[in-house]
Amino acid sequence: MSETVRTQLRVRASELEGRGWLNTGGKSLDLESLRGKIVLLDFWTFCCINCLHVLDELRPLEEKYSDVLVTVGVHSPKFEHEADPVALASAVERYEIHHPVLDDPELATWKAYTARAWPTLVVVDPEGYIVAHLSGEGHAGGLAVLLEELVAEHEAKGTLHRGNGPYVAPEPTSGTLRFPGKATQLANGNYLVVDSGHHRLVELRPDLETVERVIGSGTKGYLDGQAEIAQFNEPQGVALLPSELAWKLGYDAVVTDTVNHRLRGVTLSSGYVQTVAGNGVQRLLDAGPARVTDTGAGTWSEHHDDGPADFAADSVDVGALGLGAEVSLSSPWDVVWSGKLQRVVIAMAGTHQIFAFDPLSNEVSILAGSGLEGLLDGKAEEAWFAQSSGLAIDADDNIWVADSETSSLRRLVVSDSGVTVETAVGKGLFDFGFRDGDSAEARLQHPLGVTVLPDGSVAIADTYNGAVRRYDPSTKSVSTLARGLAEPSDVVVVQVEGSEPLLVVVESNKHQLVLVPIPKEAQQVDEGASQTHRPKSPVTPGNLELAVRFKAPTGQKLDDRWGDPTQLKISSTPPELLVSGGGTSVGLLRTLELSADVPEGILHITARAAACDGPETEDGEIPDHAACHLYQQDWGIPVVLQADGESELVLDLRGMD
């Protein structure tokens with residue numbers, strides 16, 4: 001694997017520049033102070049699910065190589081809110097990051113290391129030279145091999161210094177709850193709260209403070225059983241099942257056990273926890289017989305397959321995947337019961353899709369989403385989502401989705417002829433803001449929660465704006481119900497007989513639930529629309545030659561038994577930017593034609609390649625029944641068109657140099 005990631009030139013690492021440091025006890029770090037250690041720079045942003053996956057991938061490596069490896073998280077924000085140092089400090093605590101973090105709000109270090117995507121990993125050797133530059137997730141195996149080589153090489157040279165690193169743990173800030181995720185009201189009037197940071201469920205009384213009971217030991221892990229011993233790992237969402245169905249199943253609630261990549265069933269009468277779906281292995285692709293159909297951004301995995309990787313289809317098959325305990329899931333974030341579908345609907349944040357689970361048959365299926373990250377409406381199998389994180393059902397059995405990375409509110413319209421996807425609020429992957437009014441111009445910022453109000457309008461936990469917003473489908477307009485909240489992650493409607501409905505808001509960064517009245521007249525706020533500010537690549541109008549470099553890792557061979565095993569999918573925002581060269585076709589080379597009439601925009605590029613394990617047979621062919629792998633990386637590249645811009649664009653799939 002290391003042959004595929006080692007750079008060929010001796011390039012000195014750039015200095016680490018930013019606003020400040022976290023997890024260092026107030027000290028500033030530089031590369032000179034880290035000389036003698038292997039330094040792993042993790043360019044991340046706390047909104048990004050792929051970045052969160054990488055945090056978990058790196059933990060075993062950090063533990064194993066703790067005396068020689070220093071991981072430095074370089075926080076390079078996508079959203080305006082993520083540039084807030086208080087919000088960043090909360091995120092570092094929330095995700096239990098146990099390494100130094102550089103706060104880089106102006107993207108100074110991001111630019112110095114030419115990062116193009118979240119996440120990006122850069123390895124610096126003990127002498128201060130860059131030896132690897134990787135994009136996406138799924139690199140733990142290759143990094144382990146590289147680290148062994150670097151340890152041996154620099155121990156022999158005398159340039160490796162063993163010992164403790166610069167990490168200093170911060171003081172904890174939470175109380176009874178710690179970064180709670182979702183909540184739901186129980187029949188007894190209490191609230192079942194997903195206490196994400198404490199890895200458990202908490203039942204609160206109506207005063208929102210008194211703890212009735214706790215389900216889960218509070219220790220991060222995975223264990224079924226009675227309430228006091230069961231273990232979760234950063235659970236996020238919860239949904240109650242209809243009572244008649246719960247009676248048949250023996251459990252009443254379904255919880256998304258997010259980092260365990262599982263659904264758990266909870267029997268409320270006893271607190272007993274059982275696994276109902278998910279095998280604990282993160283889902284990275286959808287594989288059927290003789291077919292590999294999709295994967296999440298920047299990920300790879302393997303399966304045993306009698307045939308090649310098939311790129312003939314432009315989208316995944318929407319349909320059954322298998323039985324619950326046998327199926328791999330990827331960071332399920334929220335769940336809701338659909339009476340029309342008779343399914344538990346799942347926001348599968350890790351693969352940018354909407355799944356469904358039939359608790360009677362145990363069947364798991366894809367309900368909507370191609371697996372590609374972005375905002376695209378239409379038929380269920382063709383739609384694009386981006387880290388969907390909140391779900392709600394309305395009176396017409398439509399499914400409302402808080403699609404966080406596109407800062408949008410989406411709707412799945414369920415009919416006898418199938419499922420279609422519509423966008424109610426939101427524009428694209430890099431567009432956000434705080435603007436009320438007509439929904440076509442309104443803007444949200446990374447919403448995580450959604451619920452339907454009694455009048456049919458939709459309340460949105462507009463997380464990074466610290467607000468609760470409302471979308472009115474009858475007028476197609478957006479207004480603001482409440483402001484000044486600390487990263488609200490969910491909204492629950494409370495209907496008390498004889499009184500006006502109220503909202504219970506999960507205020508995640510204040511570790512509490514708060515009661516918020518629904519105002520008779522909502523606010524109208526306009527603080528503007530924004531776009532993610534990243535360095536724009538200057539390109540020339542007209543032809544742009546695109547090349548994505550890929551080399552199969554050591555021990556693998558490109559699976560060319562049935563033709564070219566590589567693929568590019570390209571589109572643009574706005575669509576008028578791309579005159580020709582868009583769409584999906586095989587190969588990693590493409591000539592794009594860019595319009596001279598569009599001054600700037602974003603190129604959306606997805607590259608895929610399929611390779612299978614060796615060793616090769618005597619005739620150089622891939623052995624039968626070899627394990628095959630699908631590699632994918634998604635880029636959203638801001639470009640500005642100018643006469644002296646570049647006419648070539650070269651990208652690396654999995655960070656190849």
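Reply: Happy to! Let's begin with W118, which is buried because its relative accessible area is 13%; buried means under 20% relative accessible area, exposed over 50% and partly exposed in between, using a 1.4 Å probe and protein chains only. Before going on, a word on the background: this is a predicted model, in which local features need pLDDT of at least 70 and side-chain atom pairs count only at pLDDT 80 or more, while totals for chains, interfaces and linings use all residues. Residues are numbered from 1 along each chain as its sequence is written, and side-chain values use heavy atoms, with hydrogens and water left out.

W118 belongs to one aromatic cluster together with F43, W110 and Y113. Across the whole structure, a search finds seven aromatic pairs. Rings of Phe, Tyr and Trp (its six-membered ring) pair if their centres lie within 6.5 Å; planes under 30 degrees apart count as stacked, over 60 as edge-to-face and the rest as tilted. One of these pairs is F43 with Y113: the ring centres are 5.8 Å apart and the planes meet at 50°, so the pair is tilted. This pair links distant parts of the chain, 70 residues apart, with F43 in strand 3 (residues 38-44) and Y113 in the loop between helix 3 (108-112) and strand 6 (120-124). Helices (H or I, at least four residues) and strands (E, at least two) are DSSP runs, numbered from the N terminus.

How covered are these two partners? F43 has 0% relative accessibility, so F43 counts as buried. Y113 is buried too, because its relative accessibility is 2%. The rings of W110 and W118 also form a pair: their centres are 4.9 Å apart and their planes lie at 40°, so this pair is tilted. W110 has a relative accessible area of 2%, so W110 is buried.

A charge sits over a ring if NZ of Lys or CZ of Arg is within 6 Å of the ring centre and within 35 degrees of the ring normal. R262 lies over the face of Y222, 3.5 Å from the ring centre. Over the ring of F232 sits the charged end of R264, at 4.9 Å from the centre.

Strand 3, where F43 is found, also has a part in covering helix 2: together with strand 2 (20-22), strand 4 (69-75) and strand 5 (101-103), strand 3 is among what covers the buried residues of that helix.

Technical notes
Contact = heavy atoms within 4.5 Å.
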